[in-house]
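Trainee: Please put the model on screen, and then I will ask about it piece by piece.

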Amino acid sequence: MSNQTTINLEINGQAHTLAVEPRVTLLDALRDHLELTGTKKGCDQGQCGACTVHVDGERVLSCLTLAVQVEGRAVTTIEGLSDPGAELHPVQSAFLEHDAFQCGYCTPGQIMSAVSCIREGHAGSDDEIREYMSGNLCRCGAYPHIVEAVREAAKVMS
Amino acid sequence: MRDFSYLRAGSVDEALSAAAMPATMLLAGGTTLLDLAKCGVNAPERVVDITHLKGLDTIRVDAEGAFIGALAKMSRVAADPAILAGFPAVSEALWQAASAQIRNMATIGGNLLQRTRCAYFRDPASFPACNKRVPGSGCSAMEGVNRGHAVLGTSDACIATYPGDLAAALVAFDAVVHLGERKVPIDDFFLLPGTTPHKEHAMQPGEMITAITIPASAAARHSTYLKVRDRQSYEFAAASAAVGIEFETDHETIRDIRIGLGGVATKPWRARAVEDALRGRVLEPDTIKSASRLAVEGAIAHGGNHYKIELAPRVVERAILKSGALA
């Protein structure tokens, strides 16, 4: 524990100061240090997309990002996508509306990724959605409904 | 993952002097470094974060060619309008690689330095023998599951495939890797495994990639990247080809053709024999078919990867036809 370093992070618009070892990933910092457990740990090796968050507005994998690397950058997690008590984000609503999940484990990552997919302009067709959502795996195989949800949310967001 | 000390470099010079220290690794996008640290392949004592360095992510295209800073992200380069116009194969190779998240993280310099996906290399706990990880320890892939392994550029010590897509396009168009002032043609930057598969590139300790440049050419302007793989997205190539063609003024005789191969070789592979067979010839299907066979001259299979000797020429053939239609 001698190698801890103090870092300042901005998560969902809130400033946090925490002491972590340099090897601690953003994913572990969120879940274990900040109790933001909406971001899920799937493979922990950059293959499944369950840990997708936004850094400076772009989707990245928090399992392959060191917490210390994102000092000075704005991090958004699923908890910060809509304000508590406020209306859900259109992508969250679309996932509910279209039943775009079964077990729900991959869903926070799917939703964070889908928000970016739409924002980037990569939701123009079902094929394009499938290509640009390919970094998010769903072991339940809810893909057809996920594609529907992204397609419909893209209409609402445009 | 073993713990390490962390240094955030304030300048390239600071990064370089830190990188010269033993057991030190530079951290850019992190998608390879942290992945392999979790696998137990990397165990750096010091990690030098270069992601906060300014001015290393420039993308500039002019009449001479493209200049791409080492820290430019894959997603930005893939979407850059001038790269799309002047080097479509480069853009296509990038957006067909990895996933959207990884492309937002991974840098161009780091992309070149990605390591093989050989399952034996990536799993030191189960497979202690790996000549790439521990020189002289042996190779489990030769007699093992080697469906993804290389058929070109292999040696008795190693058959691990170089997995990158971008470098296959870069090697076709004579890109140059900038290590600060030192400039290395990309074909010389990557090394064949030979008896030293642990040495993968020409970079020395204390050097870092600062940029790559790609000379402008008509062939690069009329280029495409064709990637064939086990699933349609988020998968490494079983075989891929970057092809660019320039015609004579008759629009059918090939003046210049460039072919880079991915997924089948131990380093980004330039298919010069195919190029030589087609330069000066009229682009027509039978000529292309027979010339494409030359892509796998000297190929050696190890069982599971035998299909690549059949697949690679077909991919080359299709990519030439596609590129020819663009030129």
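Trainee: Which residue in S7(B) stands opposite B:Val177?
Mentor: Helices (H or I, at least four residues) and strands (E, at least two) are DSSP runs, numbered from the N terminus, and two strands pair if DSSP finds at least two bridges between them. Strand S6 (residues 176–179) and strand S7 (residues 182–185) of chain B are antiparallel partners with four bridges. In that pairing, the residue of S7(B) opposite B:Val177 is B:Val184.

Trainee: What kind of model is this?
Mentor: Residues are numbered from 1 along each chain as its sequence is written, chains are lettered from A and ligands numbered from 1 in the order in which they are written, and side-chain values use heavy atoms, with hydrogens and water left out. Local features need pLDDT of at least 70, side-chain atom pairs count only at pLDDT 80 or more, and totals for chains, interfaces and linings use all residues, this being a predicted model.

Trainee: Which residue in the turn between S6(B) and S7(B) has a positive phi?
Mentor: S6(B) and S7(B) make a hairpin, with two residues between the strands. The positive phi, about 60°, belongs to a turn residue, B:Gly180.

Trainee: Where is B:Asp174, which has a positive phi?
Mentor: B:Asp174 is not a glycine, yet its phi is about 55°. Its place is the loop between helix H8 (166–172) and S6 of chain B.

Trainee: Why is one side of S9(B) and of S12(B) left without a neighbour in the sheet?
Mentor: Four strands of chain B form an open antiparallel sheet in the order S9-S10-S11-S12. Strand S9 (223–228) and strand S12 (269–270) of chain B are at its edges, so one side of each lacks a neighbour there, as each has a single partner strand.

Trainee: What angle does H13(B) make with S10(B)?
Mentor: In the sheet, strand S11 (residues 254–262) of chain B and S12(B) are antiparallel over two bridges, with B:Gly260 opposite B:Arg270. Helix H5 (residues 88–95) of chain B packs on the sheet, in contact (heavy atoms within 4.5 Å) with S9 and strand S10 (239–247) of chain B. Helix H13 (residues 307–326) of chain B packs on the sheet too, touching S9, S10 and S11 of chain B. Axes are lines fitted to C-alpha atoms, for helices over the stretch in contact, with angles from 0 to 180 degrees between N-to-C directions; for H13(B) and S10(B) the angle is about 35°.

Trainee: What is the average twist from one strand to the next in the five-stranded sheet of chain A?
Mentor: This open sheet has mixed pairing and the order S2-S1-S5-S3-S4. Strand S2 (14–20) and strand S4 (58–61) of chain A are its edge strands, each pairing on one side only. From one strand to the next the twist averages 40°.

Trainee: How large is the area buried between chain B and chain A?
Mentor: 32 residues of chain B contact 30 residues of chain A. Buried area is the accessible area (1.4 Å probe) that two parts lose on being put together, summed over both. Carbon and sulfur atoms give 50% of this area, which is about 2600 Å².

Trainee: Which residue of chain A forms a salt bridge with B:Lys38?
Mentor: A salt bridge is a side-chain nitrogen of Lys or Arg within 4 Å of a carboxyl oxygen of Asp or Glu, and three are found across this interface. For B:Lys38 the closest N and O atoms are 2.9 Å apart, and the partner is A:Asp44.

Trainee: Where in chain A is A:Asp44 found?
Mentor: A:Asp44 has a positive phi of about 65°, although it is not a glycine. Its position is the loop between H1 and S3 of chain A.
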